[in-house]
Amino acid sequence: MRVLSFIPAFLLAAASFVAAAPTTSSAVGAPSCGPSGSSNGNDVALQPIITIIANATTYIQPLSTQLSGLSGDSCTPDAVSDIVVQITAVVSTCVVQLQAAAKVDLTVVDLTSLCATIYALLTLVFGVLQTVVAIILFLAGGAVGTVQAVVTNLLHAVLDLVGCLNIFVVASLSGVLGPVLALVCGVVDLLLSIVAGLNVLVGVH
Ligand SMILES: *[C@@H]1O[C@H](CO)[C@@H](O)[C@H](O)[C@H]1NC(C)=O
């Protein structure tokens, strides 16, 4: 009961964030992200990292669409597991690639592109987790047990990813990124609260 009463309030908060996000992000679009609004070319060192994050986003996007397209009879534990496993693999690969990437001194580079790329990936992962919440509520009861392991793996991968990206987010706090950074941090906070909520949900069954 405690868990069930937690969900609607949580989804409401999540939904209002999503509704608010596009307005906010268009108001502080990429040009205002960096100090001068134009790249001064010193973000070349970040390009491998940006490529890794953008690649993960590209691979997760269609899977996220498939996941949210599951409904009614098609929303079986097997179908859910199949897609969640694939998303987890992409997230895990992204983490491994980020960990292997060359370290960059974030204080001397233009973080505009990195910031936008991280925001896109986190927003997408945020959507995936929202879908997972909805699916777990839909499956309810006994069927949840069968997706528990794959969802738990996904949560671990997402936590690793947030841990990885947090290096950039925290490091760039001292930078000049103002509003976009606040959005990224907001998404990180929401992701972490979804992960905590899902852990409770999955743990209960
Ligand atoms: C992009 O991500 C996919 C899925 O994780 C991975 O298989 C592929 O190697 C990645 N490509 C690059 C260039 O990193």
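Okay, some housekeeping to begin with. Residue numbers start from 1 along each chain, following the sequence as written. Since the model is predicted, local features need pLDDT of at least 70 and side-chain atom pairs count only at pLDDT 80 or more, while totals for chains, interfaces and linings use all residues.

So, what is in the chain? There are six helices and zero strands, which gives α-α-α-α-α-α from the N terminus on. Helices (H or I, at least four residues) and strands (E, at least two) are DSSP runs here, numbered from the N terminus.

Next, confidence. That's pLDDT, the predictor's confidence in each residue, from 0 to 100. The chain has a mean pLDDT of 72, with 63% of its residues at 70 or more. Helix H1, residues 2-27, is where confidence is lowest, at a mean of 39, and H2 is where it is highest, at 95. Over residues 1-39 the pLDDT is below 50, though this stretch still has 31 contacts in the model beyond near neighbours in sequence. Residues 173-177 are also below 50, and that stretch has seven such contacts. By contact I mean two residues whose C-beta atoms, placed from the backbone, lie within 7 Å.

Staying with contacts: take those in the chain between residues at least 6 apart in sequence, and 91% of them join residues at least 24 apart. As for burial, 32% of the 205 residues count as buried. A residue is buried if 20 or more other C-beta atoms lie within 10 Å of its own, exposed if 12 or fewer, and partly exposed in between, with C-beta atoms placed from the backbone.

The expected span is 1.5 Å times one less than the number of residues. Buried residues of H3 include Val80, Val91 and Leu98.

Leaving aside neighbours within four places in sequence, Ile83 is in contact with Leu63, Gln66 and Leu67. Ile83 and Leu67 are 16 residues apart in sequence, yet 6.5 Å apart in space, C-alpha to C-alpha.

Now over to helix H5, residues 144-172, for Leu154. Leu154 is buried too, because it has 24 other C-beta atoms within 10 Å. Beyond four places in sequence, Leu154 is in contact with Val84, Ile87 and Thr88. From Leu154 to Val85 is 69 residues in sequence and 7.4 Å in space, C-alpha to C-alpha.

Last stop, helix H4, residues 112-139. Its 28 residues should span 40 Å at 1.5 Å a residue, so the 41 Å between its end C-alpha atoms agrees. Just after H4, Ala140 takes a positive phi of about 50°.
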